[in-house]
Amino acid sequence: MSEDAVEKGHPVVSPLSPNRIPQFDPADMKKMQRISLIFGCGHVLNDLCAASWFSYMLIFFERVAELSNAQAGGLVLLGQLADGLWTPVVGIGCDASASKADPTIPGEAVRKRLPWHLAGSVLVMFAFPPLFIEDAQYTFGKGTLQVLVWYGIAVTLFQVGWATVQISHLSLIPDLSAGIESRKTSLNATRYAATVLATVSVYSGAWLLLGTASDGGSGSDGGDQLSRADHSQFMKLTATIVFPGIFFSIILFHLGMRYSLARSGELMANPASPQSTAAPAKTKEAISMWLCTRKFYFVGYMYMCTRLLVNITQTYLALYLLDSLHMEKTAIATAPLVLYASSLLGTLAIGKVVKRIGAGFAYFLATAGCLLAAFIMYSIPDHLHNLVYAAAAVFGVSSSLLMVSCLSIVASLISDLPGSAFVYGAFSFTDKLSSGAVIMIIQSIDAENKAEYYRTVVGLVPAIVALNAVVGVVCCLYSKNPSTWDEYVATRDAPAAAETRAINDGPYEAAHHPSEAVVETITLVTHSLTEKPAPPMVETDRPRSRSYGTYTG
């Protein structure tokens with residue numbers, strides 16, 4: 001049933017997913033809005049930690065923990081590798097759990113995925129604080145191997161938990177959207193709005209804490225540059241991240257989602273859609289299908305470039321502000337705050353923009369905005385450093401549109417097909433691997449002029465990545481993938497069916513097997529020889545079969 005049917009008040013249930021949550025008539029839209037809001041809460045802890053990880057982890061390792069550039073880059077690469085290698089494992093395991101869901105129980109597939117999300121959230125809750133709270137240099141001694149081991153273990157556990165939450169949360173989108181594009185866009189927009197709110201709260205807290213430190217507050221030397229004396233401010237920032245994240249991602253999300261799923265059973269009592277005729281997909285079959293689909297690789301390349309563009313900008317923005325533009329340390333909070341505040345404003349209209357012009361065209365528009373922001377950052381002279389706030393605003397709006405349209409393209413790729421967690425896991429693997437490799441390469445280059453070096457990193461690298469992302473989107477537009485599991489099964493089994501028919505018919509019959517067109521022609525000729533001539537044909541608005549009229553009389 002189409003989206004128009006939803007607007008007219010008819011419930012829609014995915015024909016291939018009897019255990020998914022359907023679209024309801026207007027009387028039930030409040031319940032669906034509640035589910036969307038609860039869904040957005042599920043990634044808040046990850047978002048809070050990610051904002052600190054990408055924006056402050058590298059500069060914290062270098063300026064506060066006093067590690068070398070290579071050591072800081074190596075720790076970031078280690079975390080990205082752990083994340084990237086773990087994501088396919090989570091994807092396969094999460095899909096295997098969902099495949100065991102009872103199709104007669106509404107929302108059972110969602111319930112099967114929730115334990116993965118809970119386990120990852122708990123791991124993040126315990127692994128993230130040691131990165132900022134424990135002063136490893138003071139505990140183990142500066143420059144010792146124990147320092148790197150401490151940070152390495154904490155980084156690895158944190159990234160494993162983070163990846164588990166990310167993939168299990170993303171894999172809920174196909175189950176909750178029932179295959180309707182507008183619903184997928186709404187869920188992605190809600191998720192990204194929660195991400196922006198969480199990130200804004202992190203930068204607001206950092207602004208207040210670092211501003212207090214600049215004024216000579218407790219635990220600081222009152223200087224304008226980031227140093228070891230600011231360690232206590234990062235400890236306080238960690239506390240403001242973990243406790244709200246636990247409330248939203250562990251308590252509110254899990255209790256709210258299970259409550260909403262329990263109440264959705266009444267709304268799914270009379271599904272009117274036909275069920276899938278093919279056997280349910282097993283995990284290995286779903287993986288095999290995706291690995292044989294060309295569009296899977298194009299969309300994955302686009303997703304990798306999109307995440308790489310955002311990650312590189314977010315990671316090196318702080319170093320660019322301090323070393324290239326020579327701004328005060330509070331700028332590492334205020335500039336990202338402007339970026340994500342503008343991104344939050346952009347999310348208010350993103351859903352309508354994507355729905356009106358399409359995810360593909362929206363992606364091109366967002367890429368143009370990111371290129372403009374990169375050009376401004378590359379061209380800003382030192383004495384006009386405040387122009388960075390304008391560039392941050394442009395990049396904020398553009399990156400929000402970029403991420404939502406990117407996730408909409410991924411969700412459209414998956415549609416009602418099985419293996420959603422594997423797809424997100426595979427894409428996240430390439431994202432993390434590429435981000436870690438690029439960061440390690442950037443850190444390994446010992447540039448003499450740090451100011452120009454970071455200006456190039458923030459200005460040119462994202463621009464090159466954005467152009468590569470456009471290539472991926474163009475390839476996506478000219479490639480196809482099976483829209484349903486039935487269609488894939490029929491295509492997969494067609495050669496075997498033809499071979500079986502040839503064996504059963506024998507060599508002569510197989511070589512001379514009449515096609516449907518020949519059978520139809522023979523039937524018409526026989527009819528014309530044995531029956532009276534057909535009466536004249538009269539044109540009608542709806543022709544039958546392949547003719548342009550129908551017999552009368």
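At what angle do helix H3 (residues 44-64) and helix H8 (residues 145-170) pack? Select both. The angle is about 150°, and the axes lie 11 Å apart. H3 is therefore roughly antiparallel to H8 (over 145 degrees counts as such). Their crossing is left-handed. Helices here are DSSP runs, H or I, of at least four residues, numbered from the N terminus.

This is a predicted model, where local features need pLDDT of at least 70, side-chain atom pairs count only at pLDDT 80 or more, and totals for chains, interfaces and linings use all residues. Residues are numbered from 1 along each chain, and side-chain values use heavy atoms, without hydrogens and water.

Next, select Glu 66, in the loop between H3 and helix H4 (69-99). Its phi is near 60°, a positive value in a residue other than glycine. Most residues other than glycine have a negative phi. Glu 66 is partly exposed, at 31% relative accessible area. The classes are buried under 20%, exposed over 50% and partly exposed in between, with a 1.4 Å probe and protein chains only.

Jump to His 326, in the loop between helix H13 (294-324) and helix H14 (331-357). His 326 also has a positive phi, about 55°. His 326 is exposed, with a relative accessible area of 51%.

Now pick Ser 415, between helix H16 (388-414) and helix H17 (420-444). Ser 415 is buried, at 16%.

Finish at Leu 252 in helix H11 (residues 231-263). Leu 252 is partly exposed, at 33% relative accessibility.

Methods
Helix = DSSP H or I, 4+ residues; strand = E, 2+ residues; numbered from the N terminus. Axes fitted to C-alpha atoms, helices over the stretch in contact; angles between N-to-C directions. Parallel < 35°, antiparallel > 145°, perpendicular 65-115°, else oblique. Left-handed = near helix turned anticlockwise from the far one by under 90°.
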